[in-house]
Amino acid sequence: MAKAQGPEAMQPKANNGTAELQRIEELRVKLKTPASIYSGVCAAKDWRPGKEVTEAEYREAVAAFSGAPMGKKV
């Protein structure tokens, strides 16, 4: 008898040793990134809604944007 495929089967499996991709909108809420910083990071990185990145990549992008001097490319 075949096993039924439920919603959990549709979810991507976490790879051992690799980071999980998350939507940038979810990371913004999770990490409480201010709207102005989030918008600036998205513009600097050319990220569009729905973009998926790792949490580490998101944190790095926010830190680089926050520490960049005004008028300079990140």
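1. In this predicted model, both W47 and Y58 are buried. For Y58 the relative accessible area is 2%, and the residue therefore falls under the 20% limit for burial. Y58 has its place in helix α4.

2. These two residues make up the one aromatic pair that the structure holds. The pair is stacked, with 6.4 Å from centre to centre and 20° between the planes. W47 belongs to the loop between α3 (35–45) and β2 (52–54), while Y58 belongs to α4 (residues 55–67), so the pair ties together parts that are 11 residues apart in sequence. As to the classification, the centres have to lie within 6.5 Å for a pair, and planes under 30 degrees apart count as stacked.

3. The surroundings of Y58 extend to several other elements. Leaving aside neighbours within four places in sequence, Y58 is in contact with I24, L27, R28, L31, T33, Y38, W47 and V53. Y58 and R23 are 35 residues apart in sequence, and their C-alpha atoms are 9.8 Å apart in space.

4. Two of the residues in contact with Y58, namely R28 and Y38, also interact with each other. The charged end of R28 sits over the ring of Y38, at 5.4 Å from the ring centre. Y38 is one of the buried residues of α3.

5. Helix α4 has 13 residues, and the distance from its first C-alpha to its last is 18 Å, close to the 18 Å expected at 1.5 Å a residue. Which residues of α4 are buried? They are Y58, A61 and V62. These residues cover an arc of only 95° around the axis, which puts them on the same side of α4. In general, an α-helix has 3.6 residues a turn, so residues three or four places apart point the same way. On the other side of α4, the exposed residues are A56, E60 and G67. The buried residues of α4 pack against α2, α3 and β2.

6. In helix α3, the buried residues are Y38, G40, V41 and C42. They pack against α2 (24–30) and α4.

7. K32 has a positive phi of about 55°, although it is not a glycine. The residue is placed in the loop between α2 and α3, and it counts as exposed because its relative accessibility is 72%, over the 50% limit. D46 likewise is not a glycine and has a positive phi, of about 60°. D46 follows α3 and is placed in the loop between α3 and β2. W47 also lies in that loop.

8. For the chain as a whole, there are four helices and two strands, and from the N terminus on the elements run α-β-α-α-β-α. Of the 74 residues, 20% count as buried. Among contacts between residues at least 6 apart in sequence, 63% join residues at least 24 apart. The protein chain exposes about 6100 Å², of which carbon and sulfur atoms supply 55%.

Technical notes:
Residues numbered from 1 in each chain as written. Predicted model: local features only at pLDDT ≥ 70, side-chain atom pairs only at ≥ 80, totals over all residues. Heavy atoms only, no water. Phe/Tyr/Trp six-rings, centres within 6.5 Å; stacked < 30°, edge-to-face > 60°. Buried < 20%, exposed > 50% of the residue type's maximum accessible area, 1.4 Å probe, protein only. Lys NZ or Arg CZ within 6 Å of the ring centre and 35° of its normal. Contact = heavy atoms within 4.5 Å. Expected span 1.5 Å × (residues − 1). Arc of directions from axis to C-beta. Areas by Shrake-Rupley, 256 points an atom, 1.4 Å probe, with all protein chains shown as cover.
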